[in-house]
Structure formats: structure tokens, C-alpha cells
Amino acid sequence: MKAPTLAMFTRAPEMETVPDIEAAALRSDRFRLEREGDWKRLDHILTRLEKGQLRKLSDEEVVELPALYRMAASSLAVARETSLDASTLGYLESLVQRAWFQVYGPRIGLFAWLRKFFTGGLSRAMQAIWLDICVALAVSVAGAITGWLLVARDSEWFYALVPVQMAGPRVPGASREVLLDSLKVEESAQGLSAFAAQLFTNNAGVSILAFALGFAFGIPSLLLLVYNMALLGAMLWVYSSQGLTGEFVAWLSVHGTTELFAIALAGAAGMHIGRKMAFPGQKSILAAAAESGQRAAQVMIGVVLMLIFAAVLEAFPRQLAGTEARAIIGGFMLLFWLAYFFAYGRRNEGRAA
Amino acid sequence: MSGRALPSQLRERRAKRTRTMVTPEGVALPLTIASRGTRASALILDLIFLLVGTVLASWLLFSTALGSVADKELNGIPGSIEFLFVVWSIFWFVAWNGYFMFFEMGPRGATPGKRICGIRVASRDGGRLTPEAVVARNLLRDIELFLPLIMLISAPFGSEGAAGWAGTLWFMVFLLFPFFNKDRMRAGDLIAGTWVLDAPKPKLAETLSTAGTVATGTSDVTGVKYKFGADELSIYGEYELQTLERVLRDGRTQAIEAVAETVCRKIGWNPGSGDERAFLEAFYSQLRARLENDMRFGKRKADKFS
């Protein structure tokens with residue numbers, strides 16, 4: 001029996017043993033074997049970074065990363081001129097590329113980005129597309145007026161504009177009681193949150209469409225705005241013909257100031273892309289499209305958030321509050337959005353530029 | 001020449017997909033644009049994951065809902081069902097719109113499907129991939145894919161109306177978009193300033209010249225030392241060397257025998273049998289030593305035709 005020694009329990013070697021450097025017949029393989037350890041260390045760090053385990057890296061490894069990256073990059077440059085080993089070259093190329101994505105992609109975390117976004121990024125994006133917002137608002141108003149005028153001249157237009165299942169009893173010639181009933185205050189909140197969720201997904205879909213159609217030079221975005229607002233104008237005429245303009249506007253404004261504004265913004269974002277692609281100025285079309293697309297995407301995040309607000313407002317205060325409360329809430333929301341988008345964040349702009 | 005492509009043609013075909021990016025260190029890094037087929041398979045994988053995930057979650061929610069209905073007598077909609085419905089609609093919206101965004105914002109810049117296919121999203125200008133770009137490219141996915149698909153499923157065809165055809169046309173425009181630009185961008189890539197690149201993760205293979213005949217030039221089987229003359233080594237170039245490297249690394253006997261025979265004929269040796277691997281390893285190391293030596297003096301030989 002062998003006497004027990006400490007050496008009986010040994011750790012498995014952490015890395016497979018590197019072949020003797022002197023044994024390599026080719027100079028380029030010797031070059032590789034001398035540096036292989038560093039490449040593998042870099043590979044190891046990168047793998048963990050890519051898995052999102054930044055916290056598991058030790059301080060030394062974080063400090064080492066840029067140095068190892070530069071070393072790998074210079075190894076690649078040398079290997080390109082001295083080595084014909086395709087597998088080593090391929091490995092180094094992908095290693096340097098991966099390292100480059102990590103070293104020069106100093107990405108901020110999602111939460112840090114969100115904080116920057118809400119404390120000025122969103123507002124600046126809105127301010128940058130002010131011209132498109134103005135056009136979209138003008139088009140919306142024009143659409144509403146058109147809808148009104150069309151139905152006022154010939155009430156048959158109402159049926160052409162408003163889908164039957166949406167109109168329900170709210171058609172031209174409906175009595176004042178029927179119309180007033182459709183604006184009435186609900187007794188309890190039952191069923192309303194489900195209603196809100198559905199409203200939100202529906203509206204978000206419409207606004208994403210309005211944005212994405214901007215790709216076709218913005219024309220479809222505008223058409224979508226005109227159509228939706230014409231529908232609203234037609235509705236407005238029906239109510240005002242029974243002297244219910246005030247009630248209807250209050251009923252609508254609770255969420256409408258938020259929702260219609262959001263949809264107009266989505267249209268403006270789409271149009272911004274279309275306009276920049278049609279008139280790219282000094283930039284190439286692709287660069288202009290990319291820049292405006294990213295700006296518009298920020299606006300769209302804002303739009304989706306506004307629609308969440310709108311859905312909640314539409315389901316609860318609109319159905320539960322009286323006329324004055326509705327008007328006050330609607331007006332307040334409008335002021336809030338205007339202040340947030342156009343008054344806030346200007347100071348930061350100067351600093352960033 | 002028969003249908004086989006020349007090495008230079010192969011290189012050209014590959015070069016069409018290769019872009020060069022110069023790092024701040026001055027090293028030119030080749031980037032390869034992902035092929036359209038790879039991207040399509042990545043997308044199909046992602047859609048399968050999403051569909052299975054969302055349908056499973058819906059099924060779980062609905063079985064919960066049915067359980068709560070069975071307990072209580074009905075009084076309008078019970079609050080629990082209403083709550084579940086809210087959760088369900090929001091979940092559906094977030095899953096289908098957020099899946100791509102969440103994964104592409106991660107450090108790997110790729111959804112699970114893309115990761116499996118070995119591709120990633122990157123910024124076209126060489127900068128970092130910003131969250132705005134990811135949002136923009138994925139919002140466009142709605143009109144490129146989801147909307148026309150819904151339209152196709154619900155719209156009538158033929159005598160009933162033209163909506164189906166309109167949907168098909170729309171779908172085709174975006175589907176064919178990557179075929180009409182050299183960077184294979186889809187509409188979302190164009191808007192967001194991104195492209196999709198191959199992101200291979202090769203393992204570092206063993207060095208060939210540290211073991212066996214490559215190191216010594218002597219066969220382990222027969223003990224013969226293979227030595228090639230300068231004129232014999234001057235026939236092949238880098239392309240053939242790297243093909244030979246691949247054959248040696250794969251180590252398939254049939255391929256090795258066939259290649260050994262071809263090489264023998266080419267350099268005017270009499271092909272023997274039984275010691276092909278040692279012969280090829282010796283040839284490889286001496287050819288590589290020669291070509292690398294020439295390289296140091298600035299002489300390069302791309303392939304046997306040059």
C-alpha cells in the first residue's frame with residue numbers, strides 16, 4: 001500500500017497544456033503559440049460579457065480587456081502578413097471583431113438609458129421634429145373640418161366615413177336622448193380595465209402603422225390622419241346637430257387630448273422619415289433615413305407611453321366622471337404633454353450641443 | 001472548365017458580401033453581411049419561439065380563468081377574469097413587440113434565433129448599436145411582416161375583392177427589399193441605420209506543426225522522410241494550401257487519399273498507398289514554410305493560377 005501523500009489529490013489543469021513552443025516547426029505557429037494564452041483569456045472575458053455577466057468579471061479582467069483587445073488586434077495585423085494558417089486567422093478575426101463590439105460599444109444599461117430618455121431625450125426628439133408635428137396637426141384639423149363639412153352638406157357621407165359597427169346608435173337623425181345616453185356616466189368600474197387594455201392595443205397598432213407608413217415618403221401617414229380625423233369631424237357634426245357639442249367635446253377630451261395628440265405625433269414621426277428621405281440635404285439618403293428613423297423611434301416610444309395614459313383615461317375618468325371633470329382632466333393632460341415635450345429639456349440641449 | 005468555380009471566382013463571390021471596417025488601431029476587420037437565407041431561417045426560428053411561448057402562456061391563463069369561473073356563480077364578468085383578460089392583452093402586445101427589441105438591445109445584439117444561426121445586428125456606421133436603432137428597426141417589422149400577414153389571413157381573394165392581392169403585393173415588396181440593395185437590408189434596417197452581420201464563433205484549432213509529420217517531416221508509419229524540392233513546392237498557392245489545411249483538419253480518410261493522389265500526380269511523384277496522411281502533412285508544412293517565407297519578402301501567390 002502506498003503511503004498517502006498530499007499530491008494524491010491534484011486539481012485538473014485549468015487550461016489544456018500548450019504544446020512546447022520550440023517544438024513547432026513553423027515560425028508562424030511559434031508566433032501563435034507564444035500569444036495563444038492571451039487570446040484565450042480575451043475569449044473567456046468576452047464570452048462572459050456576451051452572456052451579460054459583467055458583474056462576475058474581476059477588476060483585473062475589466063482593466064485587462066482593452067489591453068488584451070489591442071494585443072489581439074496587433075496579433076491579427078502581424079498574422080495577416082506572416083501566417084497562412086486559415087484557422088488561426090479566422091479565429092483572430094472573429095475574436096477581434098467580438099472584442100471590438102464590446103470595447104467600442106460602451107453601451108449604457110437599459111435603465112440608465114431610460115433615465116436619460118425621460119429627462120430630456122424624448123423632449124429633444126419631439127422638438128427636433130416640430131415642423132412635422134405642425135404639419136400633422138394642421139392636416140388633422142383639416143381632416144376634421146372636411147369630415148364636418150361633408151356630413152353637413154349631405155348626411156349620406158356619414159355612412160361612407162364611419163363604419164357601421166363603430167357608429168352604433170350614433171347616426172345622423174338620432175334623437176338627443178340616444179346621443180346623451182351614449183355619453184352617460186357609468187355606475188361602476190366593472191369591465192372597464194379590460195376595455196382599457198383593448199383600447200390600448202388597438203390604438204398602439206394604429207399609431208405604429210401611422211409611423212411605419214412614413215417609409216413611403218410619408219404620404220400614407222397623412223392619409224391615415226386625414227381619414228381618422230374626418231371620422232371624428234363627422235361624429236362631431238352628429239352631436240352638434242342636437243346641441244350637444246360641449247358635452248361631446250368634454251367626453252372626447254378626457255383621453256382625446258392625449259390619444260389624438262399621440263396619433264398625430266406618430267403620423268408626424270412617420271412623415272419626418274419620409275421628408276428626410278425625400279429631401280436629405282447634404283447627407284446621403286441612407287444616412288438621412290437612419291438619422292431620422294432613430295429620432296422618430298424615440299418619438300414613437302413616447303407615443304406608446306401616451307397611449308397607455310390615454311387608455312386608462314378613456315376607460316375610467318371618461319366613463320365615470322361628469323362633463324366638467326372630463327373637460328378639466330382633458331385640458332390638464334394637454335397642457336402637461338405640451339409642457340413636457342416643448343418646454344422641458346431645452347436647457348440640456350444647449351449643454352449637449 | 002466545367003461547372004466548378006475558379007478560386008478567384010469563389011473569392012469574388014465572397015468579397016461581394018464582405019465589408020471592411022478599420023478599427024481605431026488601424027487594423028482592417030472584415031465584416032461579412034449575413035446571407036438572406038440565414039436571416040430568413042433566424043426569423044422563422046424566432047417566430048416559432050414566440051408563437052409557442054405566447055400560445056402556451058395564453059393556454060395557462062385561460063385554464064386559470066376557467067378554474068375561477070367554475071368556483072363562483074356568475075355576476076356579470078367576475079373581477080378575476082377581467083384582470084386576467086387585461087394581463088393577457090398586455091402580455092400579447094408586449095411579447096410580440098418587445099421580444100425582438102429586448103434581445104437585440106442585449107450585449108450580443110441578436111435574438112435567440114439569430115444567435116442560433118450565428119448572426120447579429122450591428123450599426124452600419126461602425127458606431128454602437130443604439131436602443132433607438134433597435135426600436136426603429138423593429139417597429140418597421142410590424143408593417144413588413146405582421147400587418148400583411150394578418151391582411152392575408154383575413155382578406156378575400158379573387159371575385160370577392162382585391163384586398164388579398166393588395167396584401168400579397170405589399171408583402172412581396174418588403175420581402176424582396178433585401179434583394180435590391182447590396183447590403184441586403186430590409187426596410188427596417190434602412191430606417192434604423194443597421195445591418196445584419198455574420199458573427200461566427202470559431203474555436204481555436206490545434207496547431208498543425210507541433211505534432212506528427214508536420215513537425216518532423218518523417219512518417220510515423222514508415223519512417224520515411226519526405227522532402228520536396230523548390231520546383232515541386234512552387235506549383236501551389238495560398239488557396240490550395242488552405243484547402244489542404246481544411247482536409248488535414250477534417251481528417252476524413254477518403255478525402256485525404258484522393259487529395260494525396262492528386263498532389264502526387266501534379267508534382268510528378270508516384271502515388272503510393274497507406275501513408276497518405278504523413279505525405280500530405282509533410283507537403284503541407286513544407287509548402288507553408290515556403291509560402292510564409294516568401295510572404296516575409298513581400299511575395300504572395302494567391303493560387304495555382306497566379
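In the predicted model, 64 residues of chain A are in contact with 58 residues of chain B. On the side of chain A that touches chain B, at least two residues each are supplied by helix H1 (27–50), helix H2 (59–82), helix H3 (86–103), helix H4 (110–128), helix H9 (192–212) and helix H12 (285–315) of chain A. The residues on this side of chain A comprise 37 nonpolar, 17 polar and 10 charged.

The secondary structure of chain A consists of 15 helices, with zero strands. Chain A has 353 residues, of which 41% count as buried. Among the contacts in chain A with a separation of 6 or more, 78% are made by residues 24 or more positions apart.

Helix H11 of chain A covers residues 245–278. A straight helix of 34 residues, at 1.5 Å a residue, would span 50 Å, whereas the end C-alpha atoms of H11(A) are only 41 Å apart. A bend of about 60° is found in H11(A) at A:Gly256. H11(A) is also mostly covered, as 29 of its 34 residues are buried.

Helix H10 of chain A, residues 219–240, contains A:Leu225. A:Leu225 is buried because 27 other C-beta atoms lie within 10 Å, and the cut-off for a buried residue is 20 or more. Leaving aside residues up to four places away in sequence, A:Leu225 touches A:Ala136, A:Val139, A:Ser140, A:Gly143, A:Ala210, A:Ala264 and A:Gly267. Between A:Leu225 and A:Ala296 the separation is 71 residues in sequence and 17 Å in space, taken from C-alpha to C-alpha.

In chain B, the loop between helix H6 (163–176) and helix H7 (187–192) holds B:Arg184. The phi angle of B:Arg184 is positive, about 55°, although this residue is not a glycine. B:Arg184 counts as partly exposed because it has 18 C-beta neighbours inside 10 Å, a number that lies between the cut-off of 12 or fewer for exposed residues and that of 20 or more for buried ones.

Notes. Residues numbered from 1 in each chain as written. Chains lettered and ligands numbered in written order. Predicted model: local features only at pLDDT ≥ 70, side-chain atom pairs only at ≥ 80, totals over all residues. Helix = DSSP H or I, 4+ residues; strand = E, 2+ residues; numbered from the N terminus. Expected span 1.5 Å × (residues − 1). Bend = angle between axes of the 7 residues up to and from the residue. Contact = placed C-beta atoms within 7 Å. Nonpolar A, V, L, I, M, F, W, Y, C, P; charged D, E, K, R; others polar.
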